[in-house]
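Here is a short report for a reader who is new to this structure. Look over the sequence and the model, then read on.

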Amino acid sequence: MRDSDSKNVAVNNSLPLLGLDGSNPVGFLAALGVFQTLSSSCRIGQLRMSWEDETGRWIPALHGPLQSVAEVAAILAKQLKCPFSADPAAEKRREQLQKAFDAKKTELKRARDALKKKRLRGKEREQENARTVAPIEAELVDCRRQWLTTLRSCVPSTEMAIGKHLNAKLDEFRETLKDAIAESSKETRAVVDLLASFGSDVCGTRKGDQMEPTPFCFVTGSGHQYFLDTARQLTECVDVSRLETSLATLQEPADEKLSMRWDPTEDRRYALMWEDPTASGNKSLTNWATNLLAYHGLQMIPTVPARKGLETVGWSTADGLTWRWPIWRAPATVDVVRSLLSCVPTNNHRQELSDLSSLGVVAVYQTTRIQVGNPPLHKVNFAPAEQIA
């Protein structure tokens with residue numbers, strides 16, 4: 001057996017995933033995605049995960065009946081339906097309806113802008129709105145309904161059928177949650193957990209009745225890329241070989257586009273680049289498999305409605321918009337890990353952070369969500385993480 005192969009098999013019931021780094025937000029989320037997906041598989045049973053310190057990196061290690069990274073990749077590919085391929089006829093219909101829906105949105109915006117320019121007041125405005133804007137609004141609702149109905153048959157997992165982005169109407173999101181709960185069980189709750197991580201049906205945006213999205217929603221339409229649409233496309237592009245490579249060895253990103261933007265190295269501001277980030281041959285690169293696994297890691301980081309709006313496990317607004325996560329050495333089950341994630345204090349009390357050591361936590365990392373530019377032409381990234389405990 002080659003040395004490289006020997007590192008990808010279990011030793012003493014411990015299987016390290018050398019391609020993931022727990023001090024990197026996307027690496028930590030990807031490890032959660034692997035762990036949750038495998039634990040949900042009826043083949044695995046009581047799987048555990050720990051972290052090992054190797055050459056300055058925190059490497060996730062799986063403890064259980066798994067024998068190799070190749071076996072892990074095969075199970076993940078099956079569970080996540082990678083690579084996913086929609087029915088060609090349904091996919092063509094989805095594209096047509098999505099274009100029609102997008103065109104209708106543009107038409108509505110123009111109608112509203114035209115009405116605004118007329119500077120009408122009172123009944124005159126109401127009458128003109130009923131004549132020019134209201135009919136388009138009704139048509140838009142019908143276009144959206146047709147598009148979402150077709151989209152449901154073109155996605156690998158039903159949580160992706162709420163749209164391209166996390167901007168569903170609250171009533172739509174509520175109905176999706178009800179359907180997911182009815183179809184779920186203890187062993188098949190991935191869709192419910194992902195929806196719970198996206199937002200709440202009682203927390204809407206200030207501008208309307210759309211759901212307030214999780215702060216992990218970094219892909220918001222800039223560059224014509226959207227959160228759920230990116231996850232759908234990643235599932236189409238990732239196969240078992242990509243999964244195995246991403247888990248087995250730490251590599252430089254080599255894939256273009258289709259990123260959830262959780263890797264701090266994808267922050268490409270001029271001040272941080274050796275070369276012009278817009279120059280030919282200097283494209284932003286990512287790792288598709290790691291991004292897809294990180295998306296599924298959100299299952300373990302739910303959101304909850306609170307007095308001031310949506311709150312997400314590990315996130316705080318006290319010092320900017322920051323996220324914290326723990327590193328632990330003792331092998332822990334999925335349920336224990338969920339508890340550890342929720343135990344990390346979001347304030348800056350050092351005593352509370354140090355108290356985590358009694359729970360087996362050996363390090364706590366923190367990163368900040370940063371925005372470059374102004375909407376809609378803006379980018380969102382994580383800053384490089386720092387160890388705070």
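Cys203 is buried, with 6% relative accessibility. Buried means under 20% relative accessible area, exposed means over 50%, and partly exposed lies in between (1.4 Å probe, protein chains only). Cys82 is buried too, at a relative accessible area of 10%.

This is a predicted model: local features need pLDDT of at least 70, side-chain atom pairs count only at pLDDT 80 or more, and totals for chains, interfaces and linings use all residues. Residues are numbered from 1 along each chain as its sequence is written, and side-chain values use heavy atoms, with hydrogens and water left out.

How many disulfides are there? The count is zero, where a disulfide is a pair of cysteine sulfur atoms within 2.5 Å. For Cys82 the distance is too far for a bond. Cys203 is in no disulfide either.

| Cysteine | Closest cysteine sulfur | Distance |
|---|---|---|
| Cys82 | Cys237 | 10 Å |
| Cys203 | Cys217 | 15 Å |

Next comes a helix. Helices (H or I, at least four residues) and strands (E, at least two) are DSSP runs, numbered from the N terminus. Helix H7 spans residues 190-198. Seven of its nine residues are buried, so H7 is largely enclosed by the rest of the structure. Among the buried ones are Val191, Asp193 and Phe198. Their cover includes helices H6 (170-183) and H8 (227-237), as well as strands E6 (303-306) and E7 (309-312).

Now the sheet. Three strands form an open sheet in the order E1-E3-E2, with antiparallel pairing. Two strands pair if DSSP finds at least two bridges between them. Strand E1 (14-16) and strand E2 (48-54) stand at the edges with a single partner strand each, so one side of each has no neighbour in the sheet. Seven bridges join E2 to E3 (residues 57-63). Asp53 has Trp58 as its bridge partner, and Arg48 stands opposite His63. The hairpin of E2 and E3 has two residues between the strands, and Thr55 takes a positive phi near 50° there.

Last, the core. A nonpolar core is a set of buried Ala, Val, Leu, Ile, Met, Phe, Trp, Tyr and Cys residues joined through side-chain atoms within 4.5 Å. The largest has 99 residues. Leu62, Phe198, Phe227, Trp262 and Tyr295 have the most contacts inside it. H2 gives the largest share of this core, nine residues. Contact means heavy atoms within 4.5 Å. Beyond its neighbours within four places in sequence, Leu62 is in contact with residues including Leu15, Val34, Phe35 and Val72.
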